[in-house]
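Subject: Structure for you to look at

Hello,

Here is the structure I said I would pass on. Please open it beside this email, and read the notes below with it in view.

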Amino acid sequence: MKDVMNRKMFLIAIVLLFTLLAACVPGGAPGPQASIEIDTVIIYEREGGFAGMSQEWVIHPDGLIDGPGDQQLVVPPEEVQELMQTGVESDIESLLPDMATPDACCDQFTYTLTFVAGDQEWSLIMTDTSEQSLEVSELFSMTEELIADAEPVP
């Protein structure tokens, strides 16, 4: 019972932290007319589950993907640009209120998708049981498909 209470308090603190961070997002979030900067990267994280898994992929504009461990993958740069453009057109700042609230009741995964452009970054969070807008779900699906279609770097 004590573990459940500690876990709930931890999750409440995380939700509060993300809420405060969302309030600090700069007003210049990319909108439909924003251009994609060459130094934009996408970070996709998947954490949780029964085993407490933690994986991270960093997707670069040139198609290189740094995966868990020392894994390096590659996809055509056009596919990365399409994902980045979809993120820019989604107006990430307006999607932030849709962020998931972690549920302490079960062993589920938490997915975080972060767009980093220069010194600005925007993150979206989703869990297995959270209800998200179609735009948020589409961004996560596109990212997962991109990683699944990637080939090992020769």
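Two strands count as paired if DSSP finds at least two bridges between them.

Some notes on how to read the values. This is a predicted model, in which local features need pLDDT of at least 70 and side-chain atom pairs count only at pLDDT 80 or more, while totals for chains, interfaces and linings use all residues. Residues are numbered from 1 along each chain as its sequence is written, and side-chain values use heavy atoms, with hydrogens and water left out.

Overall make-up

The protein has four helices and seven strands. These are DSSP runs numbered from the N terminus: helices are H or I with at least four residues, strands are E with at least two. Along the sequence the pattern reads α-β-β-β-β-α-α-β-β-α-β. Of the 154 residues, 35% are buried (buried means under 20% relative accessible area, exposed over 50%, partly exposed in between, with a 1.4 Å probe and protein chains only). Among contacts between residues at least 6 apart in sequence, 62% join residues at least 24 apart; a contact means heavy atoms within 4.5 Å.

Strand pairings

Strand β1 pairs with β5 in the antiparallel sense over eight bridges. In this pairing, Ile42 has Phe115 in β5 as its bridge partner. Seven bridges join β1 to β2, again antiparallel, and Glu45 stands opposite Glu56 in β2. β1 and β2 form a hairpin with four residues between them, and Gly49 in the turn has a positive phi of about 80°. Elsewhere in the sheet, β4 (residues 72-74) and β7 pair over two bridges, antiparallel, with Pro152 in β7 as the bridge partner of Leu73.

The core

How many residues does the largest nonpolar core have? There are 24, and those with the most contacts inside it are Ile42, Tyr44, Ile59, Ile65, Leu113 and Phe140. A nonpolar core here is a set of buried Ala, Val, Leu, Ile, Met, Phe, Trp, Tyr and Cys residues joined through side-chain atoms within 4.5 Å. The elements that give two or more residues to this core are β1, β2, α2 (77-89), β5, β6 and α4. The most come from α4, with six residues. In soluble globular proteins, nonpolar side chains tend to be buried together.

Ile42 is in contact with Trp57, Val58, Ile59, Leu83, Met84, Leu113, Thr114 and Phe115, leaving aside neighbours within four places in sequence. Val41, also in strand β1, is buried at 14% relative accessibility. Not counting residues up to four places away in sequence, Val41 touches residues that include Val58, Pro61, Met84 and Thr114. Val41 and Val58 are 17 residues apart in sequence, and their C-alpha atoms are 6.8 Å apart. Pro61 sits in the loop between β2 and β3 (64-66) and is buried too, with a relative accessible area of 14%.

Aromatic pairs

The structure holds four aromatic pairs. Rings of Phe, Tyr and Trp (its six-membered ring) pair if their centres lie within 6.5 Å; planes under 30 degrees apart count as stacked, over 60 as edge-to-face and the rest as tilted. Tyr44 and Tyr111 form a stacked pair, 6.5 Å centre to centre with 15° between the planes. Tyr44 lies in β1 (residues 41-48) and Tyr111 in β5 (residues 109-117), so the pair ties together parts that are 67 residues apart in sequence. Tyr44 is buried at 1% relative accessible area, and Tyr111 is buried at 12%. Ring pairs link Tyr44, Trp57, Phe109, Tyr111 and Phe140 into a cluster.

Regards
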